[in-house]
Amino acid sequence: MSETSQNIGSNPFMSRANATEILLIRHADALPDPAEVVPGGSYDDQPLSAKGRAQADALAQRWGSIKLKAIYSSPLRRTIETATPLANLQGLDIIPIAGVREINIGPQFKLEETLSPTETATALRERLDRIIQIAAIHGSWDAVNTEERSADFRKRVVEAMDSLALTHIGDRIAVFSHGGAINIYISEVLGINRDFFFPCGNTSVTFLRIFKGQDGKPQRLLVSLNELSHLRDAGLLKED
């Protein structure tokens, strides 16, 4: 075998044999209408909205026949509920993993108990929009004045994702997470010095292939980013 063919045969872009394939999925919409909102709580207490449940079902229909070895999820309610339809189709349990949960915002999302359901739903949207705007403009969660510092958040997410990858060499797994966590992991993969750099869509699928290097460390390859075709096919993706 020539040196050229040997190089091609070991090219990680052309081989999946020694890699972990990861479907990194953001949770569905979790900004319920007043009739479903949990008053007096925080964003983390909210269930998926009706729109979010439809998104999660569309995701499951698209990926239900693609065999997965395991399904992991942030322990927060919105990610568990998003993962449930796919887990049911795959016949898999959802394994909670705290390392991929969203950044700890702190009391900024805590809502006053005296708010009505309508006021709660409005306040949730306004606060989420404001926090995302600050993170997007500054590119750092530290600008949002979160309880968890940006560097600690990045370390937590990267360590959790890399550990899953190295545990599942040769497997395909799904990991349900959050927009901030997905942004910060992909920024690490691409070597981008920003915590927040792209609008991660609800139930978007980001596809990664991660190899174990000769030094035992993960070699990360981004295959696709922010895939939303399942929502478009289901008529759930609003086109401007």
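1. Helices (H or I, at least four residues) and strands (E, at least two) are DSSP runs, numbered from the N terminus. In these terms, Ser150 belongs to helix α5. The model is predicted, so that local features need pLDDT of at least 70 and side-chain atom pairs count only at pLDDT 80 or more, while totals for chains, interfaces and linings use all residues. Residues are numbered from 1 along each chain as its sequence is written, and side-chain values use heavy atoms, with hydrogens and water left out.

2. Ser150 counts as buried because its relative accessibility is 7% (buried: under 20% relative accessible area; exposed: over 50%; partly exposed: in between; 1.4 Å probe, protein chains only). Its side chain forms a polar contact of 2.3 Å with that of Asp195 (a pair of N or O atoms within 3.5 Å; within protein, one must be able to donate a hydrogen and the other to accept it, and residues adjacent in sequence count only if both atoms are side-chain atoms). Beyond residues up to four places away in sequence, Ser150 touches Ser140, Trp141, Asp142, Ile184 and Asp195 (contact: heavy atoms within 4.5 Å).

3. The 18 residues of α5 span 26 Å from first C-alpha to last, close to the expected 26 Å (1.5 Å times one less than the number of residues). Its buried residues include Phe153, Val157, Met161 and Leu164. The buried residues of α5 pack against β1 (19–26), β2 (70–73), β4 (172–177), α6, β5 and β6 (218–227).

4. The largest nonpolar core comprises 32 residues, and Trp141, Met161 and Leu208 are among those with the most contacts inside it (a core is a set of buried Ala, Val, Leu, Ile, Met, Phe, Trp, Tyr and Cys residues joined through side-chain atoms within 4.5 Å). The largest share of this core, 7 residues, is supplied by α5. Another core, of 14 residues, lies apart from it and includes Ile25, Ala60, Leu68 and Ala87.

5. There are 2 aromatic pairs in the structure (Phe, Tyr and Trp rings, the last by its six-membered ring, with centres within 6.5 Å; stacked under 30 degrees between planes, edge-to-face over 60, tilted for the rest). Trp141 and Phe196 are edge-to-face because their planes stand at 85°, with ring centres 5.9 Å apart. This pair links distant parts of the chain, 55 residues apart. Both Trp141 and Phe196 are buried.
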